[in-house]
Amino acid sequence: MKVKVLLLDDIFSSLFRDKFSANQLVWDDNWVASIEDAFIASEKSTGISFELIKSGKIESWQEIIENEKPDILILDISWPEQAMEKYGDRLRATEISLNILPEIRTAYPSLPVICHTAKPDKELIEKAYKAGATFFVEKVGMSMPEVQVSLVYIIIYLLRRVQ
């Protein structure tokens, strides 16, 4: 079985990547690499091959979903650089995805959406679920596939629910 995962995260956007040096991007890049490694490592035990599509173009979400046809979407909740560009205020970073999530849910009601961010609070988690999140996970800063492998099992669970 092959599962296509769309990771829509600001760390892939040019607004984000152009702002920081390569040294400052190491944490995010290692985090993504650990997810990719977890997907690869779990293939033998699960029989599932994961394809990870990465995009930082949240404003093009519909086109990306239509073209890529993912089985699951992992959506970053916080988009500070996009909020600065749109609202002139980084503190409105969660509004970017929380405003788009209901549109995603309306257009693709059966698409599982896992939202994530670092250090979420109860209010943000509730807002994400109200906006249409299927599941919420904290972005774990450890760049080890063993830590990220739980995401594999969450994806398997969510895909079994929509089949």
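Trainee: Is S1 mostly buried or exposed?

Mentor: Buried. This is a predicted model. In S1, six of the seven residues are buried, so the strand is largely enclosed by the rest of the structure.

Trainee: Which way do S1 and S2 run, parallel or antiparallel?

Mentor: Parallel. S1 pairs with S2, residues 49–55, over seven bridges. Take valine 5: its bridge partner in S2 is leucine 52.

Trainee: How many bridges join S1 to S3?

Mentor: Four, and these two strands also run parallel. Leucine 8 has leucine 75 as its bridge partner in S3. Leucine 6 stands opposite leucine 73 of S3.

Trainee: And S3 itself, buried or exposed?

Mentor: Buried. Five of the five residues are, so S3 is largely enclosed by the rest of the structure. Ile72, Ile74 and Asp76 point one way, Leu73 and Leu75 the other.

Trainee: What about S3 and S4, how many bridges there?

Mentor: Four bridges, parallel. Leucine 73 has valine 113 as its bridge partner in S4.

Trainee: Switching to packing. How many residues are in the largest nonpolar core?

Mentor: It has 26. Leu8, Leu73, Leu75 and Cys115 have the most contacts inside it.

Trainee: Which elements supply at least two residues each?

Mentor: Strands S1 (2–8), S3 (72–76) and S4 (113–117), plus helices H3 (61–68), H5 (93–107) and H6 (122–131). H5 gives the most, with six residues.

Trainee: What is leucine 75 in contact with?

Mentor: Leaving aside neighbours within four places in sequence, leucine 75 touches Leu8, Ile58, Ser97, Leu101, Val113, Ile114, Cys115 and His116.

Trainee: What lies apart from that core?

Mentor: Another core, of 24 residues. Leu7, Ile74, Leu158 and Leu159 are among them.

Trainee: Helices now. At what angle do H4 and H5 cross?

Mentor: Roughly 90°, with the axes coming within 6 Å. H4 covers residues 80–87. That angle is why H4 counts as roughly perpendicular to H5.

Trainee: Which residues make the contact?

Mentor: From H4, Pro80, Gln82, Ala83, Lys86 and Tyr87. From H5, Ala93, Glu95, Ile96 and Asn99.

Trainee: And by class, what does the contact of H4 with H5 have?

Mentor: Five nonpolar residues, two polar and two charged.

How values were computed: Residues are numbered from 1 along each chain as its sequence is written. This is a predicted model: local features need pLDDT of at least 70, side-chain atom pairs count only at pLDDT 80 or more; totals for chains, interfaces and linings use all residues. Side-chain values use heavy atoms; hydrogens and water are left out. A nonpolar core is a set of buried Ala, Val, Leu, Ile, Met, Phe, Trp, Tyr and Cys residues joined through side-chain atoms within 4.5 Å. Buried means under 20% relative accessible area, exposed over 50%, partly exposed in between (1.4 Å probe, protein chains only). Contact means heavy atoms within 4.5 Å. Two strands pair if DSSP finds at least two bridges between them. Axes are lines fitted to C-alpha atoms, for helices over the stretch in contact, and angles run from 0 to 180 degrees between N-to-C directions. Angles under 35 degrees count as roughly parallel, over 145 as roughly antiparallel, 65 to 115 as roughly perpendicular and the rest as oblique. Ala, Val, Leu, Ile, Met, Phe, Trp, Tyr, Cys and Pro count as nonpolar, Asp, Glu, Lys and Arg as charged, and the others, Gly among them, as polar.
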